[in-house]
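Open the model in your viewer and keep the selection tool ready. This tour says what to select at each stop and what is there.

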Amino acid sequence: QVHLVESGGGLVQAGGSLRLSCAASGGTFSRHAMGWFRQAPGKAREFVAAITWNGGNTLSADSVKGRFTISRDNAQNTVFLQMNSLKPEDTAVYYCAADKNSRGGIGIPKYSYEYEYWGQGTQVTVSS
């Protein structure tokens, strides 16, 4: 069982930056690919970015490519999402997730059903 807690959300003006953190406890963090998803009011949850268990590969949604960067520190059991050049449309609750053990660490998961453990989310609000 992996327990995830996000932090770092808040209110920022358009063009600003935020760095989200997701601290993991329980389970074996370094065995899991990790992802960030977001959900805006009235919209479905969407994929933002993901990273393999060893940090060797990352994947980002087209909407955030070039602006957001996912990284991880396995020694600290933490995954990060650096968000630059924020836009009002980035406003959402951001969730981190750990992938299913059954995936065997293959590839980079980008769909919700590939993830087993989820945090409670952190609110990001970008004002125009």
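The model is predicted, so local features are given only at pLDDT of at least 70 and side-chain atom pairs only at pLDDT 80 or more, while totals for chains, interfaces and linings use all residues. Residues are numbered from 1 along each chain as its sequence is written, and side-chain values use heavy atoms, with hydrogens and water left out.

**Stop 1**

Strands here are DSSP runs (E, at least two residues), numbered from the N terminus. Two of them pair if DSSP finds at least two bridges between them. Strands of a sheet pair through backbone hydrogen bonds, either parallel or antiparallel.

Select β1, β3, β8 and β7: in that order they make an open sheet with antiparallel pairing. Why is one side of β1 and of β7 left without a neighbour in the sheet? β1 (3-7) and β7 (68-73) stand at the edges, each with a single partner strand, so one side of each has no neighbour there. On average, neighbouring strands of this sheet are turned by 15° against each other, direction ignored (the axes are lines fitted to C-alpha atoms).

Now keep β7 and β8 (residues 78-83), which run antiparallel and are joined by six bridges. Threonine 69 is found opposite glutamine 82 of β8.

**Stop 2: the core**

A nonpolar core is a set of buried Ala, Val, Leu, Ile, Met, Phe, Trp, Tyr and Cys residues joined through side-chain atoms within 4.5 Å. Buried means under 20% relative accessible area, exposed over 50%, and partly exposed in between (1.4 Å probe, protein chains only).

Select Leu4, Trp36, Leu81, Met83 and Tyr94, which touch the most other members of the largest nonpolar core, a set of 33 residues. Strands that each supply at least two residues of this core include β3 (18-25), β4 (34-39), β5 (46-51) and β9 (92-99).

Next, centre on leucine 81. Leaving out residues up to four places away in sequence, its contacts (heavy atoms within 4.5 Å) include Trp36, Val48, Phe68 and Tyr94.

**Stop 3: the disulfide**

How many disulfides are there? The count is one, where a disulfide is a pair of cysteine sulfur atoms within 2.5 Å. Select cysteine 22 and cysteine 96, whose sulfur atoms are 1.9 Å apart. Cysteine 22 lies in strand β3 and cysteine 96 in strand β9, 74 residues apart. The torsion about their S-S bond is about 45°, so the disulfide is right-handed. Both cysteine 22 and cysteine 96 are buried.

**Stop 4**

Select β5, where five of the six residues are buried. β5 pairs with β4 over five antiparallel bridges, and glutamate 46 is the bridge partner of arginine 38. Six residues separate β4 and β5 in their hairpin, and glycine 42 in the turn has a positive phi of about 75°.

Isoleucine 51 is opposite threonine 58 of β6. This hairpin also has six residues between its strands, and glycine 55 takes a positive phi near 80°.

**Stop 5: aromatic rings**

Rings of Phe, Tyr and Trp (its six-membered ring) pair if their centres lie within 6.5 Å; planes under 30 degrees apart count as stacked, over 60 as edge-to-face and the rest as tilted. The structure holds five such pairs.

Select tyrosine 111 and tyrosine 113, a stacked pair with 5.6 Å between centres and 5° between planes. Tyrosine 111 is partly exposed at 43% relative accessible area, and tyrosine 113 is exposed at 59%. Last, select Phe37, Phe47, Tyr115 and Trp118, which form one aromatic cluster.

Technical notes:
Helices (H or I, at least four residues) and strands (E, at least two) are DSSP runs, numbered from the N terminus. Axes are lines fitted to C-alpha atoms, for helices over the stretch in contact, and angles run from 0 to 180 degrees between N-to-C directions.
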